[in-house]
Amino acid sequence: MNTIIIMGRLTDNPELRKTPNDISVTSFSVAVDRPYRSGAERQTDFFNCTAWRGTAEFISKYFAKGQMIAIEGSMQSRRYDDKDGNKRTAWEIQVNQAHFCGSKNESGSAGSYSRGDNSGASFANGGADDFSVITGDDDLPF
C-alpha cells in the first residue's frame, strides 16, 4: 500500500505547464510542520508534489503561495544522473486529490478535486452557492 496524506502550505505559486501531448501538469512544494512540544523548536518538512490533468488545472487555478492545502496521493521515487554524473534519487508525491483546508477568506472557496477515473473528475463546491437570501419571513414554516 502506498498512500500519503499531507496538509501544509504551498511554498510558491503552482505553475501550470503542458507536455508535448497537451497534458496539464504542475509541480509544487508543500511545507508541513512537524508536531512539537512546548518549548521545543518547530521543524518543517518540505514535500515535492506533482499533479496531472484536471487536478493540475484545479490546483493551479485555485491555490497560491502560502495557502493551506491538503493532498492525498502516492509517494514515488525516480533515479537520475545530475550534471556532474552523480546518481541521485528524487522523491515526490503524485497527487490524486487536492482539498482546500484553510479558511474561506484564505481560499476564496471551499471544496476539493479528485482525479477519479480517466474520464475526468468533479469540483465539489462547499455549498455556499446552494443558498439564497430570504427577504421576508412571511412564508417560513416556523
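Visitor: How do I read the order of helices and strands in this chain?

Guide: Walk along the sequence and note each element as it comes. In this predicted model, the protein chain goes β-β-β-β-α-β-β-α-β-β. That gives 2 helices and 8 strands.

Visitor: Which strands does β1 pair with?

Guide: Look for bridges between strands. β1 is joined to β5 (residues 68-81) by 6 bridges, and the two run antiparallel. Here methionine 7 has alanine 70 in β5 as its bridge partner. β1 also has 2 bridges to β3 (residues 24-33), again antiparallel. On that side, leucine 10 stands opposite valine 30.

Visitor: Okay, and what about loops? Where is proline 14 found?

Guide: Proline 14 sits in the loop between β1 (4-10) and β2 (17-18).

Visitor: Is proline 14 buried or exposed?

Guide: Check the relative accessible area against the cut-off: buried means under 20%. Proline 14 has 10%, so it counts as buried.

Visitor: Which residues is proline 14 in contact with, if I skip its neighbours within four places in sequence?

Guide: You'd list Thr26, Ile59, Ser60, Phe63 and Ala64. For a distance, take lysine 65: it is 51 residues from proline 14 in sequence, yet their C-alpha atoms are 7.6 Å apart in space.

Visitor: Can we zoom out to the whole chain?

Guide: Of the 142 residues, 32% are buried. The chain exposes about 10,100 Å², with carbon and sulfur atoms supplying 47% of that area. And among contacts with a separation of 6 or more, 50% link residues 24 or more positions apart.

How values were computed:
Residues numbered from 1 in each chain as written. Predicted model: local features only at pLDDT ≥ 70, side-chain atom pairs only at ≥ 80, totals over all residues. Heavy atoms only, no water. Helix = DSSP H or I, 4+ residues; strand = E, 2+ residues; numbered from the N terminus. Buried < 20%, exposed > 50% of the residue type's maximum accessible area, 1.4 Å probe, protein only. Contact = heavy atoms within 4.5 Å. Areas by Shrake-Rupley, 256 points an atom, 1.4 Å probe, with all protein chains shown as cover. Pairing = 2+ DSSP bridges.
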